[in-house]
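Subject: Structure handover

Hello,

Here is the structure for you to look over. My notes follow below it.

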Amino acid sequence: MFVRWRAVEGLGSMRAELRQEGGGQGSAGLCRAGQRGGGDVLQLFGERVRASPDAVAVVDRGGRMTYAEVDGSADRLAGVLVERGVAAESVVAVNLPRGRELVTAILAVLKSGAAYLPLDRALPAARRGYQLEAAGVTLLIGADGGDGVEVVDPAAAEPAGRSVQDSSVAVDPGDLAYVIFTSGSTGRPKAVAVTHASLANHAAAVGAAFELTEADRVLQFAGPGFDVFGEEVFPTLLAGARVVVAPDPVPSPAELEEFIRRERVTVANLPTPYWDQWVGDLDAEPRKVPEALRLLVVGSDVGLTRTLAGWRRHAAVPVFNAYGLTETTITATLQAFTGESLPEGDTLPIGRPVAGARAYLLDAELEPVPAGTRGELYLGGAVLARGYLGRPGLTADRFVPDPFGDTPGGRLYRTGDLAVVCADGALAFVGRADDQVKIRGQRVEPAEISAALCTHPAVRQAHVRAVDDEAGGKRLVAYVVATEVEPSQLRAHLAVHLPAAMVPASYVLLGELPVTANGKIDHRALLGSPAGDAASAAPQVVTLTGLEEQIAAVWREVLRVGQVGLDDSFFEIGGHSLLLVQVQRKLSGALGRQVPGVALFAHPTIRKLAAHLREGDGSDPAIGALGDERADERRSGRARLQQRRARQSARGTR
């Protein structure tokens, strides 16, 4: 027996399991959704607008927009884009924060016939400029950040231009819908080009698998530069449901729960590392998960069985483990966990193909491997992207001819992931065939980081690898051959060129990189994960006391460093948003009061955070209520004064 699935067969089996354990529409609806996926997202969205024009489509902290309002605003902006000369195969960059404007702008680009390139607003300027140039962007939607590209500000009062409805822009299924960059092993990011047909197939297949209806409120959590953003938005809008935009910055699990409860969110799609943090937080402070939540989707990294077991201790909410790549239009396989039973092994299976997808486990000769044998996972079908924009050689290397399909010119995508088949027929991820890793849910090619390090004038050689770190999943370690350079200088150099997730947390300076007899890096000879090196560049000259020392103690524990400077930025010495969740929980426990996550983002050094916690800024009641013992005394004194005045006023009234 050989390992091979067709899309509808795989998900049909999965849906049957769901139906047996607690309801669902079964595989028939899924088959219809998969067949419908060859259509057009804009056409299906238009049907929703006509059916429920007054239903709420998107809500963020600034307000809400109905389906008719989103459609009308997108039409007007699309008209402006058409007048500026965009057309099919044009790429328009979108540089906006998450929210109603972002959703409207992306729909406007699609309505104009062009493709959108979502920009991560935290990207270094150099990397953003590279993306704009590599994608051939000539127009950018946003308030700023044009980098020499013409800018359209959607916030400008009613931009002049005819509605796109008067332009009759036709969209072909094979036209480009969006472009998203991923890390590249050659030292350059790769621009993945996804068509309208693939996007429509994904939206229909995922919407059916999650059983989205008009009653759903779907959390929008991912940043616009991540393809999961599309999974949170398009299936939701095509189902007539509501997109609920999560607050910025990344909230702690407790804050997210309050938001889910307040907005009555029914479906949440979260990075697996964040889910792991959430479960840890629930174990530390047991509480009920919001009742409105009916489905949790996790992905972007390997899911652990122990995390699912922990989730089951606190919630009966079903969990979908989603697997996919940007090249396979976000999600290619799904595995549902609905009952009390847990899968065998330490990691969660990635399931079976979604509608429109095919999966194969092949050997080095592209021959199917026997059942029970690990093989490289190849994916095919309607989920495939067109390829890498402007890089035909790389496209040909990763998108290979499909020897098993019935469609002339069919292709398979070589994922580089190794997998086996579980006893129940589901796929299980077992590792990588190359050095690619996931850091906080983001695909990272260590070779790209090594190449960026070697552009520093003091660096002769560099090698980057990921090591396991119990405090935060995986962390990057850079082994560098250089002269007269400090880790802080290398970190600053990389921060100019790479996203934060690609900047290593630790640096080891070596005289030479160890190599094997055949000239390859000797991984066994490299040191293990070193302690954090953040303070190595400057000796600690300030003695921390009181509140500062409490904060520093938490930082040292979470970051696993020996010392922390008073003015070291948490994010520059190896910290990130997921570790900040741990900081918030531990610091709140140490101080005996809740520390809002927004305060930690806004005050990233010990000095600034301590000052803020003592005084508060008065703008947020939750933040202003924080402080040390002296602040408590001041509040108590004010309360006693108010009580005395109230008693005096009461006596005067009598």
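First, the ground rules. This is a predicted model, in which local features need pLDDT of at least 70 and side-chain atom pairs count only at pLDDT 80 or more, while totals for chains, interfaces and linings use all residues. Residues are numbered from 1 along each chain as its sequence is written, and side-chain values use heavy atoms, with hydrogens and water left out.

**Strand E13**

Start at E13, residues 295–299. Helices (H or I, at least four residues) and strands (E, at least two) are DSSP runs, numbered from the N terminus. Five of the five residues of E13 are buried, so the strand is largely enclosed by the rest of the structure. Buried means under 20% relative accessible area, exposed over 50%, and partly exposed in between (1.4 Å probe, protein chains only). Leu295, Val297 and Gly299 cover one side of E13, and Leu296 and Val298 the other.

**Its partners**

Two strands pair if DSSP finds at least two bridges between them. E12 (residues 267–271) runs parallel to E13, joined by five bridges. Valine 267 has leucine 295 as its bridge partner in E13. E14 (residues 319–323) is also parallel to E13, over four bridges. There, asparagine 321 stands opposite valine 298.

E12, H10 (residues 272–284) and E13 form a right-handed β-α-β unit. E13, H11 (residues 305–314) and E14 form a right-handed one too. Right-handed means that, with the strands pointing away from the viewer, the path from the first strand over the helix to the second runs clockwise.

**Cavities**

The whole structure has four cavities of 30 Å³ or more. A cavity is a set of points on a 1 Å grid over the protein atoms alone where a 1.4 Å probe fits but cannot get out; lining residues have an atom within 4 Å of a point. Grid points are joined across faces, edges and corners, and a volume is the space filled by probe spheres set on the points.

The largest cavity holds about 60 Å³. Its lining includes Val267, Asn269 and Val297. H8 (228–238) supplies the largest share of that lining, four residues. H8 and E12 each give at least two.

Best wishes

Notes
On a 1 Å grid over the protein atoms alone, a cavity is a set of points where a 1.4 Å probe fits but cannot get out, and a pocket is an open set with protein on both sides within 12 Å along at least five of seven lines; lining residues have an atom within 4 Å of a point.
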